[in-house]
Amino acid sequence: MVNFDDLPKAKELRAQCGNIPIGEFVFEKMLKESKVALLHGIAFGRPVDELSFRLSFTDFNGEDLLEKAKTQEINEDFIFEHCKHLIAGLESLITWWNSAS
């Protein structure tokens, strides 16, 4: 679970959410604008007014990846080669967060 409440962007987003719980508001905005889905903290019993999300990363054939890991060194190159959609999702999330308004 990641809590975003202390980040400067959280204040800007709070100003926009009106009567909608902040986690729900940001979840919908992020999905629409970045095409990345997160589970907001409300789903895990976190307070409604807290801006928190659970990050879960899965975008590969696990069995295939484990087979490749037996013969290749697991390093940054391995991740970039075999987890391209994961990297693209993270980049989209970071870009969205840095530009959200």
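Reply: Let us start with accessibility: a residue is buried under 20% relative accessible area, exposed over 50%, and partly exposed in between, with a 1.4 Å probe and protein chains only. This is a predicted model, in which local features need pLDDT of at least 70 and side-chain atom pairs count only at pLDDT 80 or more, while totals for chains, interfaces and linings use all residues. Residues are numbered from 1 along each chain as its sequence is written, and side-chain values use heavy atoms, with hydrogens and water left out.

Me: What makes Glu91 partly exposed?

Reply: The relative accessible area of Glu91, a residue of helix H5, is 47%, which lies between the cut-offs of 20% and 50%, so Glu91 is partly exposed.

Me: Why is Leu13 called buried?

Reply: Leu13, placed in helix H1, has 0% relative accessibility, and because buried means under 20%, Leu13 counts as buried. The C-alpha atoms of Leu13 and Leu51 are 38 residues apart along the chain and separated by 9.6 Å.

Me: Why are Cys17 and Cys83 called buried?

Reply: Cys17 has a relative accessible area of 10% and Cys83 one of 5%, so both values fall under the 20% limit and both residues are buried. With a disulfide taken as a pair of cysteine sulfur atoms within 2.5 Å, the structure holds 0 disulfides.

Me: What describes the packing of H2 with H5?

Reply: Two packed helices are described by the angle between their axes and the distance between the axes. The axes of H2 (residues 22-34) and H5 (residues 84-99) come within 10 Å and cross at roughly 115 degrees; axes are lines fitted to C-alpha atoms, for helices over the stretch in contact, with angles from 0 to 180 degrees between N-to-C directions.

Me: Which residues of H2 and H5 meet?

Reply: Counting contact as heavy atoms within 4.5 Å, Val26, Lys29, Met30, Glu33 and Ser34 in H2 meet Ser92, Leu93 and Trp96 in H5.

Me: Which residues of H2 are buried, and what do they pack against?

Reply: In H2, Ile22, Gly23, Phe25, Val26, Phe27, Lys29, Met30 and Ser34 are buried. The buried residues of H2 pack against helix H1 (8-16), strand S2 (39-40), strand S3 (52-54) and H5.

Terms used:
Helices (H or I, at least four residues) and strands (E, at least two) are DSSP runs, numbered from the N terminus.
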